[in-house]
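Let's take a walk through this one together. Have the model open in your viewer and follow along.

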Amino acid sequence: MSISSIESVLQQMRALAPSMGSAPTAGSEVAAGGFAGELKKSLDRISDAQQSASSQAEAFELGKPGVALNDVMVDMAKAGIGFQTGLQVRNKVVAAYQEIMSMQA
């Protein structure tokens, strides 16, 4: 599942929130640093780490000076761990969403 899938799930949750009672608007929640804002920042950091590691690997492959193999490997490992962590968080969010949706009113 990609970031767009996560955003789709969040949109579905926001659409159902008014029927469940009072719900904060998306703008106030993100501005206040709520869950959606923190999730977005985390996904942005994961994306930045992957892009940085990829560009550093490309620089190493092209033989640019100052790029060591050990730095490339460490950055690639960090990006991989960040991605796996994000994937597990996504799985937990989707599981929680599915559990909430299966509850009877």
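A salt bridge here is a side-chain nitrogen of Lys or Arg within 4 Å of a carboxyl oxygen of Asp or Glu. Before using that, a word on what you're looking at. This is a predicted model, where local features need pLDDT of at least 70, side-chain atom pairs count only at pLDDT 80 or more, and totals for chains, interfaces and linings use all residues. Residues are numbered from 1 along each chain as its sequence is written, and side-chain values use heavy atoms, with hydrogens and water left out.

Among the chain's elements, helix α4 (residues 69-102) has the highest mean, 93, while helix α2 (residues 26-31) has the lowest, 48. (Helices are DSSP runs of H or I, at least four residues, and strands are runs of E, at least two, numbered from the N terminus.) Where pLDDT is low, the predicted coordinates should not be read in detail.

Now back to those salt bridges. How many turn up in a search of the whole structure? Two. One pairs Lys 40 with Asp 44, with the closest N and O atoms 3.3 Å apart. Both of these residues lie in helix α3, four residues apart, or about one turn of the helix. The other joins Glu 38 to Lys 41, at 3.0 Å between the closest N and O atoms. That pair also lies in helix α3, three residues apart, again about one turn.

Lys 40 comes out partly exposed because its relative accessibility is 46%, and Asp 44 is partly exposed at 33%. Glu 38 is partly exposed at 36%, and so is Lys 41 at 42%.

Further along, Ala 49 is found in helix α3 (residues 35-61). Its relative accessible area is 32%, so Ala 49 is partly exposed. Ala 49 and Phe 83 are 34 residues apart in sequence, yet their C-alpha atoms sit 9.1 Å apart in space.

Last stop: Gln 56, which lies in helix α3 too. Gln 56 counts as buried because its relative accessible area is 19%. What does Gln 56 touch? Leaving out residues up to four places away in sequence, Gln 56 contacts (heavy atoms within 4.5 Å) Val 67, Asp 71, Val 72 and Asp 75.

Conventions:
pLDDT = per-residue confidence, 0-100. Buried < 20%, exposed > 50% of the residue type's maximum accessible area, 1.4 Å probe, protein only.
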